[in-house]
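Subject: Structure for your files, with notes

Hello,

Here is the structure I said I would pass on. Please open it alongside this message.

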Amino acid sequence: MDCYHIRGGVPLRGEYRIKGAKNSALPILAAAVARSGKHEIHDCPRIGDVLVMEEILKSLGAVTSFEGNCFSIDTENIEKTLVPGEIMSKMRSSVFLMGSLLARCGEATIHRPGGCRIGKRPIDIHIEGLKQMGFTVETHDEEIRCSGKARGGRVRLTYPSVGATENLMMAALSGEEETVIENCAREPEIVDLQGFMRTCGFDVAGAGTGSIVVRGGDRRRTDSMYFIVEDRIEAATYMAAVMAAKGQAVFHNIRCELMKEVLKVYERMGAVVRSFGNAIEIIAPERIKSPGFVVTEPFPGFPTDCQPQLVTLCTGAGGLTTIREEVFDSRFTHKKELIKMGANIEICGKNAIIKGKTPLRGAEVYAADLRGGAALVLAGLMAEGETVVKDIYHIDRGYENLDEGLKQLGGIIERRTSD
Ligand code: UD1
């Protein structure tokens with residue numbers, strides 16, 4: 001089991017290029033199944049979840065190779081329509097195969113992905129949407145079997161779920177008619193999925209608005225080459241690291257418009273943010289100010305995936321901060337570990353109330369989920385002395401070599417294998 005050893009209080013300085021987005025890569029790799037052909041996906045992050053997705057794609061009959069950040073996949077011989085239960089349990093995003101296998105083969109069998117550390121995470125909106133589109137959905141214990149083809153017409157989501165929007169965009173390709181998906185999520189990664197689908201020759205429009213139109217029926221074989229959008233959550237995490245450790249850094253391959261709300265909050269906390277073209281510079285404040293009250297919301301609101309990192313930063317801010325988690329039902333797993341390090345945080349329902357400023361001390365802490373784990377690394381950069389973050393496989397699921405990136409900026413962090 002690997003862990004990070006971090007020495008706090010060392011300012012970060014320098015430049016770093018943001019990687020491709022985890023939350024784009026996963027649906028895009030699934031979507032490659034919908035179109036028979038050779039697909040070359042560039043800027044694909046080398047993270048744990050992508051490696052699990054590769055395992056699933058191979059089990060379905062795809063031929064893959066992953067060199068550097070280029071993921072190549074040949075989907076000509078997709079033979080299976082069953083995603084094995086043991087792989088489903090490793091990664092929720094395998095649920096995307098439901099939509100892409102329906103598009104390609106007219107049937108798909110998956111296992112219910114179950115809850116996870118950040119909440120119950122049901123897939124009722126996905127299933128309800130598929131039924132509205134005309135698919136037959138049968139459930140046997142934990143197995144979900146879907147078949148049929150989209151009959152066209154309108155489908156309305158009860159909540160703008162990111163995953164359900166992406167799954168239904170793919171499933172809608174299965175029929176010959178036009179499907180309009182309403183009350184969609186508007187995240188940039190959905191726009192990116194649309195970009196990939198169009199590159200494959202599919203007829204999709206409207207991503208980034210609340211209503212997406214998909215026309216199915218095109219079964220050609222097409223090769224494609226695509227570059228994944230930059231990871232706004234990785235960017236927000238690195239910028240938070242600069243604020244936590246102090247210092248100043250320039251991040252390349254990241255546009256302001258993808259992270260307006262996050263930058264606004266960081267500026268309220270005293271950071272100086274400058275953007276030029278495809279780069280953003282951040283200068284940490286001498287003293288972090290409380291942002292007051294922050295609520296997580298679907299895009300373009302403050303992302304839930306940046307909430308744990310913000311909680312860490314706010315332990316260093318004078319006064320009271322309230323952060324309300326509106327997207328997931330239990331996403332404060334990092335609270336207990338931050339308290340071990342000296343933080344004063346109380347959870348009242350959906351709100352984390354952080355009383356600052358409390359200096360953090362190095363400690364041995366455990367990552368319980370991906371972003372919560374990143375929040376502990378930031379705490380380590382802020383703290384006095386040495387922090388050991390354990391169970392970093394959670395962090396590896398979504399960050400490509402977080403330690404290497406922080407080292408590049410001058411951070412003192414080392415990956416070690418413990419017994
Ligand atoms: C995606 C992101 C994840 C991010 C989240 C919210 C990927 C691979 N993951 O996850 O990093 O935190 O968006 O921005 O892109 N819900 C239901 N029923 C459903 C579907 C969702 O109740 O059928 C609920 C969830 O439990 C959660 C909320 O809706 O409380 C948001 O979920 P959703 O937008 O679907 O997130 P994911 O697609 O799972």
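The notes below go through the ligand site first, then the helices and strands.

This is a predicted model: local features need pLDDT of at least 70, side-chain atom pairs count only at pLDDT 80 or more, and totals for chains, interfaces and linings use all residues. Residues are numbered from 1 along each chain as its sequence is written, and side-chain values use heavy atoms, with hydrogens and water left out.

**Ligand site**

The ligand is surrounded by 17 residues, and the closest are Asp-124, Ser-161, Gly-163, Asp-305 and Val-327 (a residue is near a molecule if one of its heavy atoms lies within 4 Å of it). Polar contacts are pairs of N or O atoms within 3.5 Å; within protein, one must be able to donate a hydrogen and the other to accept it, and residues adjacent in sequence count only if both atoms are side-chain atoms. Ser-161 places a polar side-chain atom 2.6 Å from an oxygen atom of the ligand, and Asp-305 also has a polar side-chain atom 2.6 Å from a ligand oxygen. From Pro-122, a polar backbone atom is 3.3 Å from an oxygen atom of the ligand. Taken alone, the ligand exposes 740 Å², of which the protein buries 85% (Shrake-Rupley accessible areas with a 1.4 Å probe; for residues, only the protein chains shown count as cover).

**Helix H5**

Helices (H or I, at least four residues) and strands (E, at least two) are DSSP runs, numbered from the N terminus. H5 covers residues 124-132 and gives the most to the shell around the ligand, with 3 residues. Its buried residues are Ile-125, His-126, Ile-127, Gly-129 and Leu-130 (buried is under 20% relative accessible area, exposed over 50%, partly exposed in between, with a 1.4 Å probe and protein chains only). Their cover includes helices H4 (96-105) and H6 (162-171), and strands E7 (136-140), E8 (143-147) and E9 (153-156); contact here means heavy atoms within 4.5 Å. Just after H5, Gly-134 takes a positive phi of about 110°.

**Four-stranded sheet**

An open sheet of 4 strands runs in the order E4-E5-E3-E13, with mixed pairing (two strands pair if DSSP finds at least two bridges between them). At its edges are E4 (63-67) and E13 (224-227), each pairing on one side only. Neighbouring strands are turned by 15° against each other on average, direction ignored. Angles run from 0 to 180 degrees between N-to-C directions, and axes are lines fitted to C-alpha atoms, for helices over the stretch in contact. E3 (residues 38-42) and E5 (residues 70-74) run antiparallel and are joined by 4 bridges, with His-39 partnered by Ile-73. Helix H2 (residues 48-59) packs on the sheet, touching E4 and E5, at about 155° to E4. Helix H7 (residues 188-199) lies across E3 and E13, at about 160° to E13.

**Strand E12**

E12 (residues 211-215) has Ile-212 and Val-214 on its covered face, and Ser-211, Val-213 and Arg-215 on the uncovered one. E10 (residues 178-182) pairs with E12 in the antiparallel sense over 5 bridges, with Thr-179 opposite Val-214. E11 (residues 203-205) is also antiparallel to E12, over 3 bridges, and Ala-205 stands opposite Val-213.

**Thr-358**

Thr-358 sits in the loop between E20 (351-356) and E21 (364-366). Thr-358 counts as buried because its relative accessibility is 17%.

Regards
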